[in-house]
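Subject: Handover of a structure and its findings

Dear colleague,

I am handing over the structure below for your files. Please look through it before reading the notes that come after it.

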Amino acid sequence: MKARRGRHGAMAGAAVLAMALLTSACGDDGGKTKLTVNTFGVFGYTELYREFEASHPDIEIVETVSEYNDHHNNLVNHLAAGSGAADVEAVDEGFIAQLKATPEQFVNLLDLGAGDRESDYPEFKWAASLSADGRSQIGLGTDVGGLAMCYRTDLLAAAGLPTEPSAVSALWPTWNDYFRTGRDFTAKNTGASFFDAATNIYNAQVFQIDESYYTPGTTEVIVGSNPQVRAAFDTTAQAIADGQSAGLVAFEDEWVTAMKEGTFATITCPAWMQGYIRENAPETAGKWNIAAIPEGSGNWGGSWLTIPAQSDHRDLAYELVAFLTAPEQQTRIFQETGNFPSSVQAIGSPAVQTFTNPFFDDAPTGKIFGESAVSLTPQYQGPKHGAIRQAMEHGIQRIEQEDQAPADAFREAVAEAERAAR
């Protein structure tokens with residue numbers, strides 16, 4: 001079975017391979033110091049790297065972009081081995097709890113002046129990457145992933161459904177309403193599926209509940225006994241059975257092709273998903289818009305930039321991290337890619353609050369994703385949340401890709417999740 005994606009997926013496979021080969025060939029030579037950066041998905045830093053290099057003529061930045069799970073699994077392995085990590089490593093919310101439990105594997109950014117940045121962030125964002133004793137800060141936040149639903153206006157119109165955001169939002173105040181709309185859409189035989197991939201629909205539901213895979217504040221794994229997790233799994237399985245899913249593996253090449261060709265009508269849209277759509281299907285500009293997510297709120301994703309302790313260039317790496325995560329840069333990245341800032345200053349700025357995205361038919365994305373960003377109460381995620389989520393995604397995909405019975409898929413997924421959490 002193909003590798004699964006999480007908060008962010010992969011860039012085009014060939015490009016990743018080429019960049020990886022370039023990175024492996026780089027060292028400090030020619031009078032320039034090479035800073036290596038490992039990320040996943042669409043962080044949108046290319047132009048910022050060039051600007052940093054222009055102000056630091058002795059520095060060359062080399063970025064490797066990998067698939068979400070591969071990136072984090074490689075990072076864990078490199079940290080354990082004591083070598084192989086980049087100077088700067090991005091970490092998603094699904095893995096930050098696991099990694100901050102071993103702060104000695106990272107540079108303590110407080111020693112480099114990061115304490116001055118604490119007021120830049122909502123309390124939850126700063127605390128999420130702070131060690132349990134409060135003495136070590138392993139990362140500076142990049143973004144948060146407020147939830148919405150992106151949709152193709154032309155495909156909804158073809159099914160006789162409304163296309164204005166307020167009217168579309170009114171179609172699905174709950175997930176039951178969303179799936180009912182999906183049945184109506186499917187019955188119209190437009191040639192398109194209602195949604196792209198079942199894992200994206202499942203994850204959106206799970207990220208909205210107060211308790212998901214752990215009892216809050218503990219290491220007690222409740223993935224198999226939590227009725228809300230089971231409900232999200234079962235409703236997703238039923239939508240697959242109803243023919244609403246395009247049956248795609250999110251972030252794979254086929255998913256990208258389907259996005260370009262318009263073969264699905266809706267997609268779960270954390271703020272960062274805007275960048276995927278814009279980058280992978282630029283010719284679809286103006287055909288998309290954004291509505292509310294069923295149940296009205298939630299957060300999926302958000303990352304930090306960290307510096308592994310094995311870096312030989314920690315001071316320069318911190319300069320780069322501080323530059324990339326500054327409020328001004330977070331604002332710019334939001335406008336260019338859609339990744340919503342985690343900086344309080346950026347979130348509250350008119351440049352963010354009043355921003356409308358022309359790619360999405362001038363949707364007011366600053367307002368859509370900004371209303372709850374500062375006051376967000378994040379879902380508690382225990383130390384192996386990322387690994388547990390991967391296991392549950394595997395179960396959903398066995399239903400979708402291999403026609404496994406939902407009850408069997410859930411049982412196997414829970415067993416895999418519990419093994420991963422040990």
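The model is predicted, so to speak of local features a pLDDT of at least 70 is needed, side-chain atom pairs count only at pLDDT 80 or more, and totals for chains, interfaces and linings use all residues. Residues are numbered from 1 along each chain as its sequence is written, and side-chain values use heavy atoms, with hydrogens and water left out.

The sheet

Helices (H or I, at least four residues) and strands (E, at least two) are DSSP runs, numbered from the N terminus. Five strands form an open sheet in the order 2-1-3-10-4, and their pairing is mixed; two strands pair if DSSP finds at least two bridges between them. Strand 2 (59–66) and strand 4 (139–141) are the edge strands, each pairing on one side only. On average, neighbouring strands of this sheet are turned by 25° against each other, direction ignored. Strand 3 (residues 88–92) pairs with strand 10 (residues 303–306) in the antiparallel sense over four bridges, and Glu89 stands opposite Thr306 in strand 10. Helix 2 (residues 46–55) packs on the sheet and touches strand 1 (33–40) and strand 2, where contact means heavy atoms within 4.5 Å. The direction of helix 2 makes about 160° with that of strand 2.

Two packed helices are described by the angle between their axes and the distance between the axes. Axes are lines fitted to C-alpha atoms, for helices over the stretch in contact, and angles run from 0 to 180 degrees between N-to-C directions.

Helix 2 also packs with helix 13 (residues 314–325), at an angle of about 130° and with the axes 11 Å apart. That makes helix 2 oblique to helix 13 (angles under 35 degrees count as roughly parallel, over 145 as roughly antiparallel, 65 to 115 as roughly perpendicular and the rest as oblique). Leu48, Tyr49, Glu51 and Phe52 of helix 2 make the contact with Leu316, Glu319, Leu320, Phe323 and Leu324 of helix 13. These residues divide into seven nonpolar, no polar and two charged; Ala, Val, Leu, Ile, Met, Phe, Trp, Tyr, Cys and Pro count as nonpolar, Asp, Glu, Lys and Arg as charged, and the others, Gly among them, as polar.

Arg230, Phe233 and Ala237 of helix 10 are in contact with Pro406, Ala407, Ala409 and Phe410 of helix 19. By class, six of these residues are nonpolar, none is polar and one is charged.

Ala198, Ile201, Tyr202, Gln205 and Val206 in helix 9 meet Val229, Ala232, Phe233, Thr235, Thr236 and Ile240 in helix 10. This contact has eight nonpolar, three polar and no charged residues.

The disulfide

A search of the whole structure finds one disulfide (a pair of cysteine sulfur atoms within 2.5 Å). Cys150 and Cys269 form this link, with their sulfur atoms 2.1 Å apart. The link is left-handed, with -55° about the S-S bond. Cys150 lies in strand 6 (residues 149–152) and Cys269 in the loop between strand 8 (264–268) and helix 12 (273–280), so that the pair links distant parts of the chain, 119 residues apart.

With kind regards
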